[in-house]
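Open the model in your viewer and follow the stops below. Each one tells you what to select and what is there.

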Amino acid sequence: MYQRDENLEHFIRVARSLFQAPALPEAGRRLAVKVFERLEQPSDDGKRNSERYPACDLLDSALAPLLDDTSGIGDAARAIKVLEPAIGWQRRTSGSNGSKDYVEKHVNGMICGPGGMESRYDIQLGFSLLAPHTRYPDHQHPPEEAYVLISAGEFRQRDGDWFDPGIGGGLHNTPNSLHAMRSGTTPLLALWCLLV
Ligand SMILES: [Fe+2]
């Protein structure tokens, strides 16, 4: 029977509290409550995305400034660093308005979800990592989604203005609503969770 790794259990605890931060929209916190309730039940079908991509090499430099942070953001950074070898990596290659080379300059780390460290299909919990000066394409998906920012970054929902939720802040995407993100002079690192 599958037994969840203690480091993963710790990461889930840390993420659960970040997704309940007052800086998140209430709808995002509500969604996260449901996601983390499902995560109380460990589940893994053993399917791992084993490929690594160029942008994976950015993870260390994105985490480095946060490793001494004493808040939940630092806890998340340290927990991600420990999990790094077990993360299932994937990239988005579709969508519009992405910056040139965005495919090479980003990667998504699946921690709980298809092909991730805990491969399952009822929720997704992971993060996006963008190199500096990268715009992720406009995209949409049926599952509702909440984000928490671990670093600086900007987001756009539908055809609205770009906004920065601030580190520890976040956003909520309703089902199938168009959204995008972009980094400034530093890598963007943002956690997401989805209810599938
Ligand atoms: Fe998304």
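Start at the metal. The four donor atoms around the iron ion subtend angles of 75 to 150°, which makes the arrangement irregular. Four donors count as tetrahedral if all angles lie between 85 and 135 degrees; four count as square planar and six as octahedral if opposite donors are over 155 degrees apart and all others between 65 and 115; anything else is irregular.

This is a predicted model, where local features need pLDDT of at least 70 and side-chain atom pairs count only at pLDDT 80 or more, while totals for chains, interfaces and linings use all residues. Residues are numbered from 1 along each chain as its sequence is written, and side-chain values use heavy atoms, leaving out hydrogens and water.

Now select H139, H141, E145 and H179. They coordinate the iron ion through NE2, NE2, OE and NE2, at 2.2 to 2.5 Å. Donors are N, O and S atoms within 2.8 Å of the metal (3.2 Å for Na, K and Ca); water is not among the atoms, so sites may look incomplete. Their spacing in sequence is H-x1-H-x3-E-x33-H.

Keep H141 and H179. H141 sits in the loop between strand 3 (123-130) and strand 4 (144-149), and H179 in strand 7 (residues 179-182), so the pair ties together parts 38 residues apart in sequence. Strands are DSSP runs (E, at least two residues), numbered from the N terminus. Are they buried or exposed? H141 is buried at 13% relative accessibility, and H179 is buried at 3%. Buried means under 20% relative accessible area (1.4 Å probe, protein chains only).

Next, select strand 2 (residues 106-112). Seven of its seven residues are buried, so strand 2 is largely enclosed by the rest of the structure. Strand 2 pairs antiparallel with strand 3 over six bridges; pairing takes at least two DSSP bridges. Find C112 opposite L125 in strand 3.

Notes:
Helices (H or I, at least four residues) and strands (E, at least two) are DSSP runs, numbered from the N terminus. Buried means under 20% relative accessible area, exposed over 50%, partly exposed in between (1.4 Å probe, protein chains only).
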